[in-house]
Amino acid sequence: MPPVLSPCRYRASSPLLMYRAFTFGLTFLLYTSFHLSRKPISIVKSELHKNCSALHELSTTGSRQLPRLHTETDCSWKPFDKSNYKQLLGAMDYSFLCAYAVGMYLSGIIGERLPIRLYLTFGMLMSGLFTCLFGLGRIYNIHNLSFYIFVQVANGLVQTTGWPSVVTCIGNWFGKGRRGLIMGIWNSHTSVGNILGSLIAGYWVSSNWGLSFIVPGLVIAAMGIVCFLFLIEHPNDLKSIHDKLTNSWKGVNGHNQLYHSYKQGGKSQNWDTELLLPVQQVVVVKSESEPSAISFMGALRIPGVIEFSLCLLFAKLVSYTFLFWLPLYITKAAHLDAKKAGELSTLFDVGGIVGGILAGVISDKLGKRATTCAVMLLLAAPTLYGFSMISEFGLGPTIGMLLVCGGLVNGPYALITTAVSADLGTHKSLKGNSRALSTVTAIIDGTGSVGAAIGPLLAGVLSSRGWNQVFYMLMAADFLIVDLKCVLMCVDLIE
């Protein structure tokens, strides 16, 4: 519980810095657990459908001591043991991501009107439940495709509680000053979660892939309890706690709710965004009229929301295709087992951490978010083609190209989902109404999730014609983003 704040004298520097750092770290860990629980499906794919031809040949060479093996039933996991297994696995991804995309549009609107802490806790507990259910299918020998589709759809819906909530929370605590750098570092939780999810799932994938889901499910559920106990949604919540604990302080002129603002050099600073300045205290009375939460159509009218939403659609198409299909591609191209392929795929996320931070730093210095994204994505398209070629020439070149591709693809993706969303959610056209951030974030990420659903589905269809077709699709998506970015670059120049 935060310490009691004196109504007569408040020193802003060290306590608020501590709470900012705490909120930064806590929200980082909370969303890390979300991505940690999404990653197992991509690691387990190669275990759900194995190449049993070698074992089949061994069983038919005349060895009387070996029982006869059937390639469609003994090695792979029903119902993914048929020749159309890629389409079935793609449908698994598609069901999760479609539910996530549809639910995201509603999630922001709901989250804007409910306490973030309770909303996020509910989502994390339910996500843990459905992630564990998928793994229990292995333990209880469930081979019904409908069961796995249902679990994926339900999990996709409840996972939409995460992103609008944590972005709103972090946006409440940090102003615009160095938002690109701060959000770039903070958004590395996506890659950290993918890395941890790959390592955890890879540890059990060959022995008991059910635990590859159950362990991450338990982790996100445990983090949901941590969220309920410790998350502080807004700096003003510290003042609310103080008011409850110090009933003797009755306010000024009959008003019980007081907010602190500060003066430095004669310029008034807002409590929400300038918390760390060593300044002179002035007590002001909070306005009785609270701004209402923005409507869906009102959020769409904010300049740049539609354009950046479409950019994220194609960016997530590329990123999520890698997220769900990269380990399987590595097993086929590099002829590695599921565990080693999962470990190698984490390098894409390592590159994404560096790319996200680099994109934030550059955009802060230039003040041009769209321009930064456009340049990185322009470089990403030929790099993707290079990866499809070089990955056949050995492990060393594959490692290098994974790092470069991860940085160039995930850098712009991270910038749009964090700093850009926070900027638009506090746009000057809102005239100080801070109750738009969750809705704007949900619209941008929801539209992006449509691309996240389309990408893995197309990858499942195109990969049957050869992996080159998948990479051509990814390069086309990158070029479409660059075209949209050219429009937004004009906005950057105007502003």
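Phe387 touches Phe322, Leu326, Tyr329, Thr398, Met401, Leu402, Cys405 and Phe471, leaving out residues up to four places away in sequence. The model is predicted. In the largest nonpolar core, which has 80 residues, Phe387 is one of three that touch the most other members, together with Phe322 and Leu474.

**Nonpolar cores**
- Helix 13 (residues 305-333) supplies the largest share of the 80-residue core, namely 18 residues.
- Apart from this core lies another of 28 residues, among them Tyr19, Phe34, Met104 and Leu120.

**Met104**
- Met104 is a member of the 28-residue core and is part of helix 4, which covers residues 85-111.
- Its relative accessibility is 0%, so Met104 counts as buried.
- Beyond its neighbours within four places in sequence, Met104 is in contact with Thr160, Trp163, Pro164, Ala442, Asp445 and Gly446.
- One of these contacts, Ala442, is 338 residues from Met104 along the chain, yet their C-alpha atoms are separated by 5.5 Å.

**Ser449**
- Ser449 belongs to helix 17, which covers residues 437-462.
- Ser449 counts as buried because its relative accessibility is 0%.
- Setting aside neighbours within four places in sequence, Ser449 is in contact with Leu97, Tyr100, Ala101 and Lys316.
- Ser449 and Ala315 are 134 residues apart in sequence, and the distance between them, C-alpha to C-alpha, is 9.6 Å.

Terms used: Residues numbered from 1 in each chain as written. Predicted model: local features only at pLDDT ≥ 70, side-chain atom pairs only at ≥ 80, totals over all residues. Heavy atoms only, no water. Helix = DSSP H or I, 4+ residues; strand = E, 2+ residues; numbered from the N terminus. Buried < 20%, exposed > 50% of the residue type's maximum accessible area, 1.4 Å probe, protein only. Contact = heavy atoms within 4.5 Å. Core = buried A, V, L, I, M, F, W, Y, C linked by side-chain atoms within 4.5 Å.
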